[in-house]
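Hello,

Here is the structure I promised to pass on to you. Have a look at it first, and then read my notes below.

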Amino acid sequence: EMLASTFAVMALKSAQLSELSFSPAVASNALQFFTQSTNENGLRGENPSRAEIAGATIARIFFRRERGDTRVVGAAAWLTTQKPDWAQQDFLGWYLTSLALFQVDGPDGSCWKAWHEPMKSVLLLNHAKGGSWSVGNEAVYPTALAAMTMEVYYRYANVFGGAGGAGKNKYDVPLLGAPPVRLHFPDTIFWTPSMVTDGAGK
């Protein structure tokens, strides 16, 4: 399930930042899932969901940190065409898209700028005087996601170095790093994160 897996990847990123260990196999399997769930342009199906595409993009950026990844580039281009409108009330999609595009090239890149200003306008024009947002009688869920959307600049540093985000600490590395030797298997397209050795290191 794309969205549940997206939040699982965020949990892995938070674990990395908190110095908690996890099996590299977990990250490898998750990357394989997102790769199989999207096409080469980072999309899926005839009517892709903004939240799913943005979530998969976030995952690939955190896993691989490859600016030229065709799935990231294609998804970012598509997401910038999905302009936010209050009538959509797609709070989860708005949040994940904001998070994804800030990682792609925020705060000064064209993708982020194309998305951020319309998104900011939609939220600022539609919040209550007390600072909340609501859909019908529901206020907690939309307010939480709208607030998170407005603070994506502070959630994760831009991994490609936007606003000085990259290179500031030892955790500014992909969840899946490249190993000393690339092992190629015809049915996979990701790097093996580590090599197994015996007691003698062979």
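Phenylalanine 102 and tryptophan 112 are both buried (buried means under 20% relative accessible area, exposed over 50% and partly exposed in between, with a 1.4 Å probe and protein chains only). Their rings form an edge-to-face aromatic pair, 5.3 Å centre to centre with 75 degrees between the planes. For such pairs, rings of Phe, Tyr and Trp (its six-membered ring) need centres within 6.5 Å, and planes under 30 degrees apart count as stacked, over 60 as edge-to-face and the rest as tilted. Phenylalanine 102 sits in helix α5 and tryptophan 112 in helix α6, 10 residues apart, so the pair links distant parts of the chain. Helices here are DSSP runs (H or I, at least four residues), as are strands (E, at least two), and they are numbered from the N terminus. Ring pairs also join Phe102, Trp112, Tyr153 and Tyr154 into a cluster.

Before going further, please keep in mind that this is a predicted model, in which local features need pLDDT of at least 70 and side-chain atom pairs count only at pLDDT 80 or more, while totals for chains, interfaces and linings use all residues. Residues are numbered from 1 along each chain as its sequence is written, and side-chain values use heavy atoms, with hydrogens and water left out.

The structure holds eight aromatic pairs. Another of them joins phenylalanine 33 and phenylalanine 34: the ring centres are 5.4 Å apart and the planes are at 70 degrees, so this pair is edge-to-face too. Phenylalanine 33 is partly exposed, at a relative accessible area of 27%, whereas phenylalanine 34 is buried, at 0%.

Now to the core. The largest nonpolar core has 49 residues, and Phe62, Phe63, Leu96 and Leu101 touch the most other members. A nonpolar core is a set of buried Ala, Val, Leu, Ile, Met, Phe, Trp, Tyr and Cys residues joined through side-chain atoms within 4.5 Å. Helix α5 gives the largest share of this core, 10 residues. Phenylalanine 63 touches residues including Val9, Ala27, Phe34 and Leu175, not counting residues up to four places away in sequence (contact means heavy atoms within 4.5 Å).

Finally, helix α1 (residues 2-17) packs with helix α2 (residues 24-37) at an angle of about 145 degrees, with their axes 11 Å apart. Axes are lines fitted to C-alpha atoms, for helices over the stretch in contact, and angles run from 0 to 180 degrees between N-to-C directions. Val9 of α1 and Phe34 of α2 are among the residues that make this contact.

Best wishes
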